[in-house]
Amino acid sequence: MKTLFNEPLKNSRFKFLRGILLCAVLFCITSERLVAVEPIPDKLVVLTFDDSVKSHYTVVRPLLMEHGFGATFYITEGFDFTENKKSYLTWEEIAQLHKDGFEIGNHTRDHMGCTKENLEKIEDQVEAINARCAEYGIPKPTTFGYPGNAFDEGALPILAKAGFQFARRGGSPEYSYSKDRGKGFAYEPGNDHPLLVPSAGDARPDWTLDDFKRAVHQAKEGNIAILQFHGVPDIEHPWVHTSVERFEEFMQYLKENEYTVIAMRDLAKYVDPAEQKPDDIWTVISKRKAKLAEEKSAADE
Ligand SMILES: [Zn+2]
C-alpha cells in the first residue's frame with residue numbers, strides 16, 4: 001500500500017494536505033500574536049472611581065468623554081446607595097457608563113473590607129454585584145477594587161476563583177492610609193501580584209497638582225500609575241473628596257502631557273496576569289518599605 005510520502009509531489013491529494021498544513025501554521029502564528037501583550041509605554045495611567053457616587057455621572061463622565069479617557073467605576077451598593085439617590089448612582093446610570101465605553105468593576109455589595117474575618121463572605125458579596133450587572137446588561141466585571149483598601153492575603157485565591165484578572169488596592173501597606181495623604185507606588189508588573197495592584201495615588205481633599213504629579217510621574221520604565229478617586233465632589237465621604245476645579249486641572253495635565261489613560265481591564269493589553277506575577281506577594285512590598293525607611297533615616301540625620 002502506498003503511503004502519503006511516496007506519492008509524487010504533483011499528486012493533488014498531497015498538495016491539498018500541504019495547503020491545510022500551511023494554513024494551520026499560519027493560524028498558530030497569527031493567534032500567538034493575538035494573545036501576546038504589548039510593550040508598556042511611559043505615561044500609562046489607569047483611572048478608577050470608587051463608591052458609586054452621583055458626581056461620577058454628572059461631573060466625571062462628561063469630562064472624561066471630552067478628553068477621550070478610559071476609566072473604571074468600582075460599584076458598591078454599600079453606604080446608603082439604595083435610599084439616597086441624590087448622592088449615589090442609579091443602576092440605569094451605571095448601565096449608561098458601561099454603554100459609554102467605561103468599565104464597571106466590582107467593589108462588593110456592602111463595601112465589605114476583605115479582612116481575614118470576612119473572607120468567607122467575599123464570594124456572595126461579589127456575586128451580588130455580578131448579578132446586578134447581568135440584570136442591567138453589563139458584562140461580568142473582570143477587575144475588583146478592595147473596599148476601604150483593606151486586604152488579607154487569603155482573599156487572592158477567592159478573587160481568582162471568582163474570575164477576576166486584576167484587583168486594585170490602596171497605597172498601604174507601604175504608606176500609611178491616614179498619615180501619608182494618599183501616597184502610593186506605581187504598579188510593577190511581574191513584581192506586584194495582579195490581584196494586589198497598588199494605587200500610585202489615592203486623591204485627598206487637600207491634594208494639589210504637585211501631589212497628582214508625584215503619582216503620575218511614576219508611570220515610566222515599565223511601571224503603570226493607577227489613580228484612585230472617589231466623588232468629584234464627594235459630599236458623603238468628605239475625607240476622600242476632590243473638588244471639580246482640582247479634578248479638571250488634573251485631567252488637563254494628563255491631556256496636555258499626552259498620557260495614555262485607560263481602565264483597569266485594559267491592563268490585560270499590556271500585562272498577562274497569568275504569567276506576570278511574583279512567587280511571594282510580600283517581596284516587592286518589603287523592598288519598598290525598606291527603601292522608605294532608609295530615606296526617612298537619611299532625612300532625620
Ligand atoms: Zn470604596
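Here's a quick look at one strand and one helix pair in this structure. The model is predicted, so keep in mind that local features need pLDDT of at least 70, side-chain atom pairs count only at pLDDT 80 or more, and totals for chains, interfaces and linings use all residues. Residues are numbered from 1 along each chain as its sequence is written. Helices (H or I, at least four residues) and strands (E, at least two) are DSSP runs, numbered from the N terminus.

**Strand β1**

- With 7 of its 7 residues buried, β1 (residues 44–50) is largely enclosed by the rest of the structure; buried means 20 or more other C-beta atoms within 10 Å of the residue's own, with C-beta atoms placed from the backbone.
- Both faces are covered: L44, V46, T48 and D50 sit on one side, and V45, L47 and F49 on the other.

**Who β1 pairs with**

- β1 runs parallel to β7 (residues 225–229), joined by 5 bridges; pairing takes at least two DSSP bridges between the strands.
- V46 has I226 as its bridge partner in β7, and V46 also stands opposite I262 in β8.
- β8 (residues 260–262) pairs with β1 in the parallel sense over 3 bridges.
- β2 (residues 72–75) is a parallel partner of β1 too, over 3 bridges, with F73 as the bridge partner of F49.

**Helices α2 and α7**

- The axes (lines fitted to C-alpha atoms over the stretch in contact, with angles from 0 to 180 degrees between N-to-C directions) of α2 (residues 55–67) and α7 (residues 244–256) come within 11 Å and cross at roughly 20°.
- That makes α2 and α7 roughly parallel, a label for angles under 35 degrees.

Terms used:
Parallel < 35°, antiparallel > 145°, perpendicular 65-115°, else oblique. Buried ≥ 20, exposed ≤ 12 C-beta atoms within 10 Å, placed from the backbone.
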